[in-house]
Amino acid sequence: MAILKLANIKKNFINGEVKEEILKGINLSLRKGEVTALRGASGSGKSTLLTIAAGLQPATSGKIIFEEQNIANMSSEQVRKIRASKFGFIFQFSHLIPFLTAEEQLMLMLEVSKSKLTKQQKKMEVNRLLNLVEMEHRKYAYPPSLSGGEKQRIAIARAIIHNPKVLFADEPTASLDSKRSRDIMKIIREITKTLNITTLLVTHDEDMLLFADQVIEMSDGQIIQSEDKQLNNDVVDLSV
Ligand SMILES: Nc1ncnc2c1ncn2[C@@H]1O[C@H](COP(=O)(O)OP(=O)(O)OP(=O)(O)O)[C@@H](O)[C@H]1O
Ligand SMILES: [Mg+2]
């Protein structure tokens, strides 16, 4: 089932006197429980597309249908609310708060998103999330003592703490070595399946495409290839 649909998305930027067409009519459907990977050369428009799909910047034209509603027509306040309650974000760097332990980072997020829970319930929720990203054993650790991959796991837990419907990740493994990158992609894939969310991620790394259900290749603001593993019945081998 498509939860997020982009229809004929165009984006122009004005650079001085020149109008540049960065996205040239993108159509894309993201389904529940699936990871969609965006790939393509630097400057092809991947991050622009991801940020538009996530309501972080407006498109010049086109529709963004999320849960049957066109976000592109909403006020910025309405979009902000959807973003805060329904979307989660992971970036290349984890952006953790250095003076809070892993557990405290997540407790802080729960104060905001699930303030009605008791402290005990919040702690249980944090434990559940740390478990999901395989980080229970590091819950009292501060970010400077965590590896890049461990930090990114905490960032993933933080991104899904409010039970978002869609997870957006712009090059979440770009600062990691290949073993850690695979571990992180595995977790992102597992979370997508277990929680039945929808994930859109950008990656430069060919190896990471293995973990995607749908691979979209962009070039110069257009989709030049789209591979749907579910429809092809390809087996995704996660034993690597
Ligand atoms: N705010 C902006 N104003 C003007 N041009 C922009 C702006 N944001 C992006 N661009 C241009 O749009 C094009 C696509 O940028 P985008 O960041 O989407 O590429 P990308 O595919 O994510 O590249 P990379 O792989 O290097 O991250 C680039 O040529 C970039 O310079
Ligand atoms: Mg980018």
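1. Some conventions come first. In this predicted model, local features need pLDDT of at least 70 and side-chain atom pairs count only at pLDDT 80 or more, while totals for chains, interfaces and linings use all residues. Residues are numbered from 1 along each chain as its sequence is written, chains are lettered from A and ligands numbered from 1 in the order in which they are written, and side-chain values use heavy atoms, with hydrogens and water left out.

2. Ligand 1 is surrounded by 13 residues, the closest being Ser42, Gly43, Lys46, Ser47 and Thr48; a residue is counted here if one of its heavy atoms lies within 4 Å of the ligand.

3. Helix α3 (residues 102-113) and α5 have axes that come within 10 Å and cross at roughly 20°, which makes α3 roughly parallel to α5, a term for angles under 35 degrees. The axes are lines fitted to C-alpha atoms, for helices over the stretch in contact, and angles run from 0 to 180 degrees between N-to-C directions. Ala102, Gln105, Leu106 and Met109 of α3 make the contact with Ile154, Ala157 and Arg158 of α5, where contact means heavy atoms within 4.5 Å. These residues divide into five nonpolar, one polar and one charged.

4. The axes of helix α5 (residues 148-159) and helix α6 (residues 178-194) likewise come within 10 Å, crossing at roughly 15°, and α5 is therefore roughly parallel to α6. On the α5 side the residues are Gly149, Gln152, Arg153 and Ile156, and they meet Arg180, Asp183, Ile184, Ile187, Ile188 and Ile191 in α6. By class, the residues of this contact are five nonpolar, two polar and three charged.

5. The contact joins Glu103, Leu106, Met107, Leu110 and Glu111 of α3 to Lys119, Lys122, Lys123, Glu125, Val126 and Leu130 of α4. Its residues divide into five nonpolar, no polar and six charged.

Conventions: Helix = DSSP H or I, 4+ residues; strand = E, 2+ residues; numbered from the N terminus. Parallel < 35°, antiparallel > 145°, perpendicular 65-115°, else oblique. Nonpolar A, V, L, I, M, F, W, Y, C, P; charged D, E, K, R; others polar.
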